[in-house]
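Please look over the sequence and the model shown here before reading on.

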Amino acid sequence: MKLIMEIKHQQKNKNGKFYVVIDGEQKAEMTYKFKEKSVIDINHTEVDDSLKGEGVGSKLVDSAVAYLRENNMKAVASCPFVQHVFNKNQHEYQDIIYHRN
């Protein structure tokens with residue numbers, strides 16, 4: 001059975017998250033904080049054990065990257081999972097990865 005999920009986005013003040021709700025319950029999230037006006041720090045990713053191995057974490061990253069591109073923003077990652085994804089796919093994400101000058 002293929003898992004159908006909707007990734008939602010919520011932002012309040014300087015904090016936000018991308019998250020997955022299944023049957024009324026949040027099952028995964030990736031949180032961030034604004035460092036600057038157009039730079040976020042993705043600081044935490046958590047996926048419920050019931051969704052492990054389904055690629056949910058990567059889908060959360062993809063949603064964040066789409067949001068960043070749509071809003072001409074950049075990201076740093078203090079979350080180890082997102083750091084790994086960014087490092088592994090540097091060429092694909094080079095336009096949204098923030099580098100200090």
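In counting charges, Lys and Arg are taken as positive and Asp and Glu as negative, while His and the chain ends are not counted; the place of a charge is NZ of Lys, CZ of Arg, CG of Asp or CD of Glu. On that basis the chain carries 15 positive and 14 negative side chains, and the centres of the two sets are 6 Å apart. The model is a predicted one, in which local features need pLDDT of at least 70 and side-chain atom pairs count only at pLDDT 80 or more, whereas totals for chains, interfaces and linings use all residues. Residues are numbered from 1 along each chain as its sequence is written, and side-chain values use heavy atoms, with hydrogens and water left out.

The chain holds three helices and five strands, where helices (H or I, at least four residues) and strands (E, at least two) are DSSP runs numbered from the N terminus. Read from the N terminus on, the elements follow the order β-β-β-β-α-β-α-α. The chain is as compact as a globular protein of its length, because its radius of gyration of 13 Å is close to the 13 Å that the globule rule gives for 101 residues; the radius is taken over C-alpha atoms, and the rule is 2.2 Å times the number of residues to the power 0.38. Along the principal axes, the C-alpha atoms fill a box of roughly 45 × 30 × 20 Å.

The accessible surface of the chain is about 6,700 Å², and 45% of it belongs to carbon and sulfur atoms; such areas come from the Shrake-Rupley method with a 1.4 Å probe, and for residues only the protein chains shown count as cover. A residue is called buried under 20% relative accessible area, exposed over 50% and partly exposed in between, with a 1.4 Å probe and protein chains only. By this scale, 39% of the 101 residues in the chain are buried. Contact means heavy atoms within 4.5 Å, and among contacts between residues at least 6 apart in sequence, 42% join residues at least 24 apart.

What lies inside can be described through the nonpolar core, a set of buried Ala, Val, Leu, Ile, Met, Phe, Trp, Tyr and Cys residues joined through side-chain atoms within 4.5 Å. The largest nonpolar core has 28 residues, of which M30, I40, I42, V61, V82, F86 and Y93 touch the most other members. Two or more residues of this core come from each of β2 (15–22), β3 (25–36), β4 (39–47), α1 (56–70), β5 (74–77) and α2 (80–88), and α1 gives the most, with seven residues. Setting aside neighbours within four places in sequence, F86 is in contact with I42, V61, V65, A75, A77, Y93, I96 and I97.

Not counting residues up to four places away in sequence, I97 touches K74, A75 and F86. The C-alpha atoms of I97 and V76 are 6.1 Å apart, although the two residues are 21 apart in sequence. H99 is also placed in the segment after α3, but at 56% relative accessibility H99 is exposed. Between the C-alpha atoms of H99 and A75, 24 residues apart along the chain, the distance is 8.8 Å.

H44 lies in strand β4 and, at 31% relative accessibility, is partly exposed. Leaving out residues up to four places away in sequence, H44 touches E29, M30, T31 and C79, and its C-alpha atom is 9.3 Å from that of K17, 27 residues apart along the chain. H91 is in helix α3 (residues 90–93) and is exposed, with a relative accessibility of 68%. H91 and Y67, 24 residues apart in sequence, are 18 Å apart from C-alpha to C-alpha.

The loops bring in a matter of backbone geometry. Most residues other than glycine have a negative phi. N72, in the loop between α1 and β5, is not a glycine either and has a positive phi of about 50 degrees; at 70% relative accessibility, N72 is exposed.
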